[in-house]
Amino acid sequence: MSTTFNLDTSTSRANPTPAPMRRLTVPKIRQRKVDGVTEEPLVMLTAYTARQAQLLDPHCDMLLVGDSLGQVIYGLPSTIPVTLEMMANHAAAVVRGSYHSLVVVDLPFGSYESSPEDAFDTAAHLMKESGAAAVKLEGGEAMAETVAFLTRRGIPVMGHVGLTPQAVNVLGGYAARGRSDVEADKIVGDAVALCEAGAFAIVVEGVVEPIAIEVTKKVSCPTIGIGASAQCDGQVLVSEDMLGMFERVPRFVKRYDDIAGLISRTAETYAKEVRERTFPGPDQTYQPR
Ligand code: KIV
């Protein structure tokens, strides 16, 4: 049984003071694209923990509990080994830490592809355990039937086309997609099929820019770009990439800060003070009254 809705945070570090605001809904996100135009681009970032969600939430429209947590949190080589339980636990933490953004959770590899019924069971489990309001799945036209099946049964679905990391073993790597006419036509066809099946938004990852623009023009639902184009209806990045937690980042990432450097320098100072016995000092110790 999830503790999402009854956790008492009043006496813990997790005690947030939420600004009075209402959480964004799937229809509200979908309605941001009107007659093919999204005036203000949608902002999405990944989040995996409650505290990270608290910090990112006020600035975002959507928080994505991405299966990229496999690499970012667990040090796995790809998203392939990520399990349903990992996704459920991190999604529940992100829901607990957020008040404003729509929380979307990735269906992990192997948990949804075999049939629409399996996808429904997985998605329903994740939503019950976490309180997330929508799921994301990878794949284009081949997943359209599943998207329609879920949507008709009350599960909002975000699609994901172009470079789909769960298909790394078929694609042979993480190179940008859409460089040949055949690949480009496939990506556009995939996005159109997902949108017609009822996807409320579609992530377009790692595609050459003209294809991202064409997809954005062709589908009525918002596109969320990553390694795509500023002309998409919104953008997403892995938060740790955006914050500068990793030295090596893909070409499409902009490091907005150097959090890795900050953590390293701070730990160095702490270690020095411990070794010099200057920490803990008078302010951090209890004396008899
Ligand atoms: O898993 C993830 O973080 C994602 C985004 C990069 C789109 O799918």
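Two residues are in contact here when heavy atoms of theirs lie within 4.5 Å. This is a predicted model, where local features need pLDDT of at least 70 and side-chain atom pairs count only at pLDDT 80 or more, while totals for chains, interfaces and linings use all residues. Residues are numbered from 1 along each chain as its sequence is written, and side-chain values use heavy atoms, with hydrogens and water left out.

**View 1. Threonine 164 and its touching partners.** Leaving aside residues up to four places away in sequence, threonine 164 touches Glu138, Gly139 and Leu171.

View 2. Look for threonine 164 in the loop that links strand S7 (157-162) to helix H7 (168-171). Helices (H or I, at least four residues) and strands (E, at least two) are DSSP runs, numbered from the N terminus. The chain has 11 helices and 10 strands.

**View 3. Threonine 164 and burial.** Is threonine 164 buried or exposed? Its relative accessibility is 11%, so threonine 164 counts as buried. Buried means under 20% relative accessible area, exposed means over 50%, and partly exposed is in between (1.4 Å probe, protein chains only). Across the chain, buried residues make up 49% of the 289 residues.

**View 4. Contacts across the chain.** Take the contacts between residues at least 6 apart in sequence: 58% of them join residues at least 24 apart. As for the space taken up, the C-alpha atoms fill a box of roughly 75 × 40 × 35 Å, taken along the principal axes.
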